[in-house]
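The following report concerns a predicted model. It treats ring pairs, the nonpolar core, a pocket and backbone angles in turn.

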Amino acid sequence: MKTKLFLNALARFVLGVVLVGLLLFVSAGTWKYPGAWLLMGLLFIPMFLGGVVLLFKDPELLARRMKAKEEQGEQRKVIALSGLMFIGGFVLAGLDYRYHILPLPSVVSYVAAVALLLAYILYAEVLRENRYLSRTIEVAKGQKVVDTGLYGLVRHPMYSATILLFLSIPLVLGSGLSTIVFLFYLPIIIKRIYGEEKLLEKELEGYPEYQKKVKYRLLPFVW
């Protein structure tokens, strides 16, 4: 079981590295794109290490995190839009670097790198608190409401972490054009949250009471 899971995870990891690299470096027209190398290191080294930890500590959670097929048609559209956002954002970042259309100061890349690492730390904490997390919207057998830790502050701390992560990506790349594209993640994730909460209200016992207890979805005192 672990061998098959490991090979599947490794294949997806390598595919992700290759695809992101191609999108960035081909559009940039050069391998000498410091922001792209910085981003790939920040993204994929923690991702690899985290995957190894999950493989040995909680392979079931790793398997859930790798499940990508959405059952709901509306959510499949959300995932498709996210994919288009990533492709467009990476390609524009490369073109921005090549033609200097809307470059950002280099200091922005370094500040964003810190924010991206912070997002990974938050993401890891969310995984520690809630082992039922899946990439797809579903309710697992035996799943219970988690209302402590970060879940005591907001109802969707994983999405809070991904917003920080994804909005840091174009800044690390030093691209103003790419930043504009990645801002579309905000309405995309809001739409996903509304759909997810409808399902959880129906299928996860205690979730309506949790909604009354924790009023904010992503950011305390804001929304």
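Phe 48 is partly exposed, because its relative accessible area of 37% lies between the limits of 20% and 50%. In this predicted model, 13 aromatic pairs are counted. One of them joins Phe 13 to Phe 48. Phe 13 belongs to helix H1 (residues 2-28) and Phe 48 to helix H2 (residues 34-57), and the two positions are 35 residues apart, so that distant parts of the chain are linked.

A further pair is formed by Phe 86 and Phe 182; the planes stand at 85°, which is over 60°, and the pair therefore counts as edge-to-face. This pair also links distant parts of the chain: Phe 86 is in helix H4 (residues 73-99), Phe 182 is in helix H7 (residues 176-182), and 96 residues separate them. With a relative accessibility of 0%, Phe 182 counts as buried. Both rings belong to a cluster, linked by ring pairs, that comprises Phe 86, Phe 90, Phe 166, Phe 182 and Tyr 185.

The geometry of the two pairs is set out below.

| Pair | Centre to centre | Angle between planes | Class |
|---|---|---|---|
| Phe 13 and Phe 48 | 5.5 Å | 50° | tilted |
| Phe 86 and Phe 182 | 5.4 Å | 85° | edge-to-face |

Phe 90, a member of the ring cluster, is also among the residues with the most contacts inside the largest nonpolar core, which has 54 residues. Beyond its neighbours within four places in sequence, Leu 116 is in contact with Leu 39, Leu 42, Leu 165, Ser 168, Ile 169 and Val 172. In soluble globular proteins, nonpolar side chains tend to be buried together.

The second largest pocket holds about 330 Å³ of space. Its lining consists of 17 residues, and those closest to the centre are Ser 160, Ala 161, Leu 218, Leu 219 and Pro 220. Helix H6 (157-172) and helix H8 (185-203) each supply at least two lining residues, and H6 gives the most, with 6. By class, the lining has 16 nonpolar residues, 1 polar residue and no charged residue.

Where do residues other than glycine show a positive phi? His 100 has a phi near 55° and is found in the loop between H4 and helix H5 (106-129). His 100 is exposed, at 57% relative accessible area. Phe 221 has a phi of about 70° and is found in the segment after helix H9 (207-213). Phe 221 is likewise exposed, with a relative accessible area of 72%.

Note on methods:
Residues are numbered from 1 along each chain as its sequence is written. This is a predicted model: local features need pLDDT of at least 70, side-chain atom pairs count only at pLDDT 80 or more; totals for chains, interfaces and linings use all residues. Side-chain values use heavy atoms; hydrogens and water are left out. On a 1 Å grid over the protein atoms alone, a cavity is a set of points where a 1.4 Å probe fits but cannot get out, and a pocket is an open set with protein on both sides within 12 Å along at least five of seven lines; lining residues have an atom within 4 Å of a point. Grid points are joined across faces, edges and corners, and a volume is the space filled by probe spheres set on the points. Helices (H or I, at least four residues) and strands (E, at least two) are DSSP runs, numbered from the N terminus. Ala, Val, Leu, Ile, Met, Phe, Trp, Tyr, Cys and Pro count as nonpolar, Asp, Glu, Lys and Arg as charged, and the others, Gly among them, as polar. Rings of Phe, Tyr and Trp (its six-membered ring) pair if their centres lie within 6.5 Å; planes under 30 degrees apart count as stacked, over 60 as edge-to-face and the rest as tilted. Buried means under 20% relative accessible area, exposed over 50%, partly exposed in between (1.4 Å probe, protein chains only). A nonpolar core is a set of buried Ala, Val, Leu, Ile, Met, Phe, Trp, Tyr and Cys residues joined through side-chain atoms within 4.5 Å. Contact means heavy atoms within 4.5 Å.
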